[in-house]
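Trainee: I've got a model open and I'd like to learn how to read its sheet and helices. Can you walk me through it?

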Amino acid sequence: MPADIVRYLTHPQVQIDPDVPVPQWGLSPIGRARTETVANASWLARTTQIVASGERKAIETAEIIAGSLGLMIEIREAMHENDRSATGFLKPAEFEEVADQFFAQPHLSVRGWERAIDAQARIVREAEAVLTRNRPGDVLLVGHGAVGTLLFCHTAGQAIDRRHDQSAGGGHVFAFTRDGRKILHGWRRLEEISQRRPGEGRDP
């Protein structure tokens, strides 16, 4: 039997609305189309659990995939993105500047944002709560870029650093084995995931 794989998928493009709280943003037409394109991809075929953040964009992403696989989704509110409510919506250039500081100073609260070390502890705790059930099959965690990167750093044994972040646009996946928590690959666009499995030449 092939090893069970855990995948962390970030929601793709969203409908940005400065007048709506960020956790309530939904997928844009592009984000929805990207998700629909891969909902039946063979690399998702062995998925038996889909667990999403409680934010609307993550739920919408998970629901599209779950519908194709005939699965129910589980919502875990604490899988949400790093808490940025202290600043609310920031224009892109300002957001990137603050995000850089968030990763560069993980022990500090940058402009009132949740500290990176706290967000990392939270997402690791949530992932482990799912994985320790030891249910057979692959697991798909659906969430967000910052906390996803923090989970990657923890799983890969790397210090918190934005150089491990996904590229722009969202809709990226990293994967690791359930047994041993070994990274199989870093962030890849969901359209470009290898179909190979462990033992079949998958890139590290």
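Mentor: Let's start with a strand pair: β1 and strand β4 (residues 138–143) run parallel, paired over 5 bridges. Strands count as paired if DSSP finds at least two bridges between them. Helices (H or I, at least four residues) and strands (E, at least two) are DSSP runs, numbered from the N terminus. Before going on: this is a predicted model, where local features need pLDDT of at least 70 and side-chain atom pairs count only at pLDDT 80 or more, while totals for chains, interfaces and linings use all residues. Residues are numbered from 1 along each chain as its sequence is written, and side-chain values use heavy atoms, with hydrogens and water left out.

Trainee: In what sense does β1 pair with β5?

Mentor: In general, strands of a sheet pair through backbone hydrogen bonds, either parallel or antiparallel. Here β1 and strand β5 (residues 172–177) are antiparallel, over 5 bridges, with valine 6 opposite phenylalanine 176 in β5.

Trainee: What is the strand order of the whole sheet?

Mentor: It's an open sheet of 6 strands, ordered β3-β2-β4-β1-β5-β6, with mixed pairing. The edges are β3 (73–76) and β6 (183–189), each pairing on one side only.

Trainee: Is β1 buried or exposed?

Mentor: "Buried" means under 20% relative accessible area (1.4 Å probe, protein chains only). In β1 (residues 5–10), 6 of the 6 residues are buried, so the strand is largely enclosed by the rest of the structure. Both faces are covered: Ile5, Arg7 and Leu9 are buried on one side, and Val6, Tyr8 and Thr10 on the other.

Trainee: Which residues make the contact?

Mentor: Contact means heavy atoms within 4.5 Å. Arg32, Thr35 and Glu36 of α1 meet Glu60, Thr61, Ile64 and Ile65 of α2.

Trainee: Which strands does α2 lie across?

Mentor: α2 lies across β1, β2 (47–53), β3 and β4, running at about 165 degrees to β2.

Note on methods. Buried < 20%, exposed > 50% of the residue type's maximum accessible area, 1.4 Å probe, protein only. Axes fitted to C-alpha atoms, helices over the stretch in contact; angles between N-to-C directions.
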